[in-house]
Amino acid sequence: MKQIIMLLLFLLTPLTVKAQVIIQIQEGSGQKFPIAVPQFLTESGSHNSLSRKMTDLLKKDLQIAGYFNVLDEDRFLEDDKDAYKIDFSKWVAIEAHGLVKGIIDTTSGGRIIVEFRLYDTQTQKLLVGKQYTVKKDQYVQAIHRFMDEIMLALTGKRGPFSSLVAAACGKNGARQIRYFSIDGAIYGGLPKIKTNNISPNWSPNGNTIVFTSFTHYFPEIFSMSVGGGGLKQLTNNKSTNITPAFSPDGSKIAYASSVSGDTELYLMTPSGRTMSRLTNVLNIDVSPAWSPDGSRIVFASERAGNLHLFAGGLGGGASRLTYTGYQNDQPDWSPDGSKIVFTARDRGAFDIFVINADGSFIQRLTRDEGNNESPTWSPDSRYISFESRRSGASGIYVMMKDGDNQTLIPNTGGCINPDWGPWTK
Amino acid sequence: MGTPITEGLSMMSYPFRKLLWISAAAHLVIFLLIVYSPAFSSLFPDSKKGQIVVNITFGTGENPSNSAFKKTKNMPYSTLKEQKKAMKDLTKIKKGKDTTTFESQNKKVTKTQPDQKIASTGGINPKVKTKQEQTIDDALKWAQEQSQKEKLQPEAAQVENEGDGQSPYGSLDNQMGEVDAILAAYVGEIKRKISNEWITMPKEVEVGQSLITKVKVKINETGQIIATILDQRSGDLSFDLSALRAVERASPFPTPPENIKEVAVGEGFLIEFNPQSVVTH
């Protein structure tokens, strides 16, 4: 009897206890993603100077992207003799999480067909594979495209390598508008215009660049197509017209002009017809930048004393964004709408800061590295390009949006005022 | 013999007694069937009874809560990169050199008396801390000292609700019960180990959504991982794999403290990867 009661109690006790220790992981180690890029091969399994150049460029882009730990070739266990056969265990053994393979096939007529593949070594799964047909001397475009595909496959967002940064390059007072990819592999520019040209800004479709030119002595705003033709003078008022900025839909250009005697913001059409005056408060208003939905403009103004950031709709009435700092200037609004990057003078130097679009949280991105100015967002909102004089002469740099991985773009010595254009196609 | 039940039973006739036993057995079987059925347990889906959830947020992530940031009067001095590095350095296990991790402190207390809150005078003296409580206090104090020493506290200008700029490790002012403190330190150590091994790419998700992967883990008495299972997938295979890898590389877990050993070894762990610092919008 007692035993039956004991049995009953024994059976009934474990009912409600289903315990586990639950642990929530909210942050990673911050370590970079280990990726291996063995030398690209031709169909026959050999290397040539082109395959080597292409491999090197992809590896360089992976470094600039900042998320990757590009593994040293010396560590590779598998021979790069076969483009198609892969022994994944040899890649897992060196702790490569990602593996890129490339095959380059030269066809007649000076074109090449390149095939790239990105694998996950653990599951041996092909994450993305692409084939491009390009002219031999345009292999860079194919590399940039696949680099953006790698980032899309691994992060869910397309990378920014298939885009160009425009800048004003040359000696002080004699600058010309140039543009380049952030790895420096593409380099071009607008035809030379006497005498000094600064402050370039891309149209949203990437076909036109507007800029300030001193070619008629007074700084006036001009536009030109990227191919070099169609030079057009947009302002013609013999005063100071600077800092032009295309609206996100390409229908308007905001700019600062001292035509009224005081530097104010105006809107004009892409052909130069004045549309409206945006600001009316006495004191300098300059450096407009558009919100990605085109409804608001952030700009720098001295209406509150020192130069501070303000933001307002196109109908007028601006609210103040910064109360800290005393020379906040050159704002740029991220394409995803969340943040505004700007330059501020603090501790005797210009540095790059970022603020939430709602005016909260000013955080610093650079310090103790000369003057850093003119920041501009990448089209994917993950990178910032800016001008820095940390090594004496000015140069254009690119960094991740948290300030990490600050890298000099090659051949940008003497360049200022970078503006990051849209994806090319 | 003399209980009312047994005496009553012995007074019944045999066939009746037999029927009674059969009826009782049938009732018991039906009762057990109902209670152990999945439908029954689904009536209590969020039963926290027996589930131990500890949520310690480490690091500052992309959009940190305001309380982690110290409000600066002027522009902040430290860069975002410097702040993130300082946080990482604080949470990183300095392999072999870290003398105040839970494990090393735990070793110091193994051969001492059982926890005693009652002072020798006989009354309960709240000021007398148990050895393990002292260990936790020391560990937290060390963390605070490190954070203050660095002077690279998370700081920003124009912060809405001013925080005290302390490392989100928690402060000595936190009112934690005895069991919670020990558990918190133990879970914190595992969390640190897994986080340090977790290599993943930042993921783009829709606003309001997140990637969530859950990994079930079983350990043995010494903390070695004996099994891992993907309990919930995020839909992103590389993300799921990165979570599995992180857990497996964090083996062995520290030896579980006595009071939760049964649950830790018997039922195991559910590691939920729900990153805020990794996803972007």
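With a relative accessibility of 0%, Cys415(A) counts as buried; buried means under 20% relative accessible area, exposed over 50% and partly exposed in between, with a 1.4 Å probe and protein chains only. The model is predicted, so local features need pLDDT of at least 70 and side-chain atom pairs count only at pLDDT 80 or more, while totals for chains, interfaces and linings use all residues. Residues are numbered from 1 along each chain as its sequence is written, chains are lettered from A and ligands numbered from 1 in the order in which they are written, and side-chain values use heavy atoms, with hydrogens and water left out.

A disulfide, defined as a pair of cysteine sulfur atoms within 2.5 Å, joins Cys415(A) to Cys169(A), with an S to S distance of 2.0 Å. The count over all chains is one disulfide. Cys169(A) also counts as buried, at 9% relative accessibility. The torsion about the S-S bond is about 105°, so the disulfide is right-handed. Cys169(A) lies in strand 8 (residues 163–171) and Cys415(A) in strand 31 (residues 415–423) of chain A, so the pair ties together parts 246 residues apart in sequence. Strands (E, at least two residues) are DSSP runs numbered from the N terminus.

Elsewhere in chain A, four strands form an open antiparallel sheet in the order 11-12-13-14. Strand 11 (197–202) and strand 14 (232–233) each have a single partner strand, so one side of each is left without a neighbour in the sheet. Two strands pair if DSSP finds at least two bridges between them; strand 12 (residues 208–216) and strand 13 (residues 218–225) pair over seven bridges. Ile209(A) has Met224(A) of strand 13 as its bridge partner.
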